[in-house]
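Good morning, and thank you for making time for this presentation.

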Amino acid sequence: MTESILPLSPSADLMNDAFDDLRDRSKEQRLLSAKARIKRLDALYAEVWRRRDDLKVAMWEDFRKPGEEVDLTEIFVIKSEIKAVKKGLRKWMKPRRVSGGLAHLGSVSWIRYEGKGVALIIAPWNYPMQLVFRPLIAAIAAGCTAMLKPSELTSKTAQVVAEIAAAVFPANEVSVVQGGVDTASHLLSLPFNHIYFTGSPEVGKIVMRAAAEHPCSVTLELGGKSPVIVDESAPLKATAKKIAWAKLSNAGQICVAPDYIFVPRAMEKKFAEAVEHAMTELYPGTVAENPDYQRIVKDVHAARLLELIDDAVSKGATVAHGGQSDANARLVHPTILMGLSPDSKIMEEEVFGPVLPIIPYDDLEEVVKAVNGRPVPLALYIYSKRSRFIDRVLNSIQSGGASINNSVIHVSSNQLPFGGHGNSGIGSGHGEYGFREFTHMRGVYEQRVDGAASLLMPPYTPWKTKVIDRLLRWL
Ligand code: NAD
């Protein structure tokens, strides 16, 4: 069997061997009882908990993630996901009897929920532990073996993730491969049975193309521009605070972060002031010295955000708040942009940082048109006290998920499917929905007593022709 922890950017041979081990084991993994699967998940959480401080150090070194947010958005997420799986797994796994039609007289039919086999889980850097382990929990619950590829951009956390996995699972159940694009590209050439990819829409397309070669099913958890639509009935201060929090948490590096905001023209200035006030309330003093304010993952990512601001300003936008930055320190201050030109790059690319464009509107119809003119977003946020307004927005704009009078928090639910639609993704994770992604629903039919079907086999005598005719009319 291959080593539990593979070297960084392992050779193709090592990855192939690790894959073969996972594939050999997957036949037995599929048959594990709910109890055995849960035992593994409990062990996973115990090890995550044991390495809690190491995870905090690693994420601080990777991108100065505050320890409290490691607890809240990484460790808590894993704990609650495992809890939801433990509660539902026996029910989800249970074969389900289904009824047959007339042609199935004398038979029984049922669905078996079987692990698909070997899963590949590729994760991004912005939640470097939970976006590896949350899909893994679903894969283990479903009875799959799994190869994990954490992001190379948060390498300190990736190492702790690899050590946690190696301490809990034998290498033929879960194997962690660390490396960049070349490593990921080789993994994509292997015949996995399911690929669960979280990352950008651009790479999502590469993953889907690679999956077509085997072929295998994919879950694509992608990103995009998630709009916020504020109605005049929304309470200004509370709305501004929730949006400011959702935008600045993780320094805006969240797939479902509010990307741009529509506010009624009459409220625009007051709203911008309220968001600015909320931003300074959340992160008082100098942000450079505020330990609660996170950094951008790499210099190039910070530089990209500055380019977006410069481009917007060169096309007429004003910086209503912030705008300062230190790309070398990977620090971008909380920033509000107003007066944007529609051809600014920031209105085309996913922002993925603490920069918030505010756009005034006169009529909801123009908002609907503007959002529907872009790819389907991962999240849609509506702030309103009027149910007619909320319904109108929900009915006229598609999105992966939606949240009313709050932002981002819907992602933490284990009862709601979480996933995109179109450009923002395919398939859903979390709770039972994650379990289903890694599960093959195998339909089984058993003929117990010969029924109508065998009576109607050739040769077609006049009597049989008549019975077929009657059956068609009767059905
Ligand atoms: P990314 O697509 O650049 O990288 C994601 C993973 O893919 C990494 O492990 C990386 O090594 C690998 N990868 C990169 N290029 C590859 C290639 N050519 N072939 C194969 N693998 C490759 O994404 P990122 O920068 O790490 O993360 C940011 C993006 O992820 C944003 O678009 C964000 O919205 C999205 N995201 C989505 C979710 C979600 O649940 N929907 C969650 C977090 C992030």
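I shall speak about the ligand site, then the strands, and then several individual residues.

Let me begin with the conventions. This is a predicted model, in which local features need pLDDT of at least 70 and side-chain atom pairs count only at pLDDT 80 or more, while totals for chains, interfaces and linings use all residues. Residues are numbered from 1 along each chain as its sequence is written, and side-chain values use heavy atoms, with hydrogens and water left out.

I turn to the ligand. Which residues come nearest to the ligand? They are Ala123, Glu152, Ser200, Leu222 and Glu350, out of 27 residues around the ligand; a residue is counted as near if one of its heavy atoms lies within 4 Å of the molecule or strand concerned. By class, this shell holds 17 nonpolar, six polar and four charged residues. In that division Ala, Val, Leu, Ile, Met, Phe, Trp, Tyr, Cys and Pro count as nonpolar, Asp, Glu, Lys and Arg as charged, and the others, Gly among them, as polar. Domain 1 (2-222 + 426-441) and domain 2 (227-414) each supply at least three residues to the shell, with domain bounds taken from an automatic or database domain assignment.

An oxygen atom of the ligand lies 2.7 Å from a polar side-chain atom of Glu152. For the side chain of Trp125, the distance from an N or O atom to a ligand oxygen is 2.9 Å. The ligand taken alone exposes 840 Å², of which the protein buries 89%; accessible areas come from the Shrake-Rupley method with a 1.4 Å probe, and for residues only the protein chains shown count as cover.

Two or more shell residues come from each of α7 (181-188), β6 (194-198) and α8 (201-213). The largest share, three residues, belongs to α7. Helices (H or I, at least four residues) and strands (E, at least two) are DSSP runs, numbered from the N terminus.

I move on to the strands. Six of them form an open sheet with mixed pairing, in the order β5-β4-β3-β6-β7-β17. Because β5 (174-176) and β17 (425-426) stand at the edges with a single partner strand each, one side of each is left without a neighbour in the sheet. Two strands are said to pair if DSSP finds at least two bridges between them. Within this sheet, β3 (residues 118-122) and β4 (residues 145-149) are parallel and share five bridges, with Val118 opposite Thr145.

Is strand β14 (residues 355-361) mostly covered or mostly open? It is mostly covered, as seven of its seven residues are buried, where buried means under 20% relative accessible area, exposed over 50%, and partly exposed in between (1.4 Å probe, protein chains only). Val355, Pro357, Ile359 and Tyr361 point one way from β14, and Leu356, Ile358 and Pro360 the other way. Strand β9 (residues 258-264) runs parallel to β14 and is joined to it by four bridges; there, Val263 stands opposite Pro360. Strand β13 (residues 335-338) also pairs with β14 in the parallel sense, over three bridges, and Leu337 has Pro357 as its bridge partner.

Finally, some individual residues. His194, in strand β6, is buried at 1% relative accessible area, and its side chain makes a polar contact of 2.7 Å with that of Thr219. Lys65 lies in the loop between α3 (52-63) and α4 (67-93) and is likewise buried, at 1%; its side chain is in polar contact with the side chain of Asn250 at 3.4 Å.

On backbone geometry, most residues other than glycine have a negative phi, and most peptide bonds are trans. The peptide bond from His214 to Pro215 is cis, with omega near -15°, and Pro215 lies in the loop between α8 and β7 (217-221). The bond from Pro458 to Pro459 is cis too, with omega near 0°. Val408 has a positive phi, near 75°, and is buried, at 13% relative accessible area.

Note on methods:
Polar contact = N/O pair within 3.5 Å; in protein donor to acceptor, adjacent residues only side chain to side chain.
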